[in-house]
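My notes follow the structure.

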Amino acid sequence: MERNPRHMRALDTADDAEVLEQDADVRLMLAVKVGDQEAFRLLFEKHAAAVIGFTMHFVGSRARAEEITQDVFLQVFRNRERYEPRARFATWLYRIAANACISEGRRAERRMRGFSLNQPRHADDDAPPQVADAASHTAEENLLSEESLLRIRGEMAALPPQQRAALWLARVEGMSYEEVAETLSCSVSAIKSLVHRATVTLRGRLQGEGN
């Protein structure tokens, strides 16, 4: 059976570099690096819809999601000369997209706080993340299949930006924890914690809806 490339870990050894060079997206991006605009168009056509879908969970508006996606690919093109294939192209792309979305989410949170200065703070707002012990997906996390996530977009929108990004990349995009950690510039243990906490929150809300 052919291995699903979504579950490839971040690669950095000599042997892994050879594997990356066989990745079609990496080859296209290496062509973009030297100015191939047709290769850039192919990458945009292949990945833009997925990036828009990811972005919509942060901004709630397709029009704004499309604007951010345009900005993401503009960054891809502007940074082309610095591109090095240390991981799959999708990992690099979603790192740019996630940073843009998290920044957008934080701006929205600051705007909301400006309208609700008297809202009480939660006791665990500044608490350090609790690391999930499981090395693989927990039973709670497995309840959230891709199908489930697509049915609860509204609930996902209420999650903190980092949790939302980690959950979407791990559960919908199918990235490994290592890839999500590479994408969000976090440790693997931090990603496990983010995904676990997001999953528990969503699970509680889903159970509440069913009562």
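Entry 1, the model. I am working with a predicted model, where local features need pLDDT of at least 70, side-chain atom pairs count only at pLDDT 80 or more, and totals for chains, interfaces and linings use all residues. Residues are numbered from 1 along each chain as its sequence is written, and side-chain values use heavy atoms, with hydrogens and water left out.

Of 211 residues, 39% are buried, meaning under 20% relative accessible area with a 1.4 Å probe, protein chains only. I also looked up contacts (heavy atoms within 4.5 Å): of those between residues at least 6 apart in sequence, 71% join residues at least 24 apart.

Helix 10 (residues 177-184) is largely enclosed by the rest of the structure, because six of its eight residues are buried. I listed them as Tyr-177, Glu-179, Val-180, Ala-181, Thr-183 and Leu-184. Just after this helix, Ser-185 has a positive phi of about 55°.

A nonpolar core is a set of buried Ala, Val, Leu, Ile, Met, Phe, Trp, Tyr and Cys residues joined through side-chain atoms within 4.5 Å. The largest one has 45 residues, and Val-180 and Leu-184 are among those that touch the most other members. Helix 5 gives this core its largest share, eleven residues. Beyond neighbours within four places in sequence, Leu-184 contacts residues including Ala-98, Ile-102 and Ile-191.

Notes. Buried means under 20% relative accessible area, exposed over 50%, partly exposed in between (1.4 Å probe, protein chains only). Helices (H or I, at least four residues) and strands (E, at least two) are DSSP runs, numbered from the N terminus.
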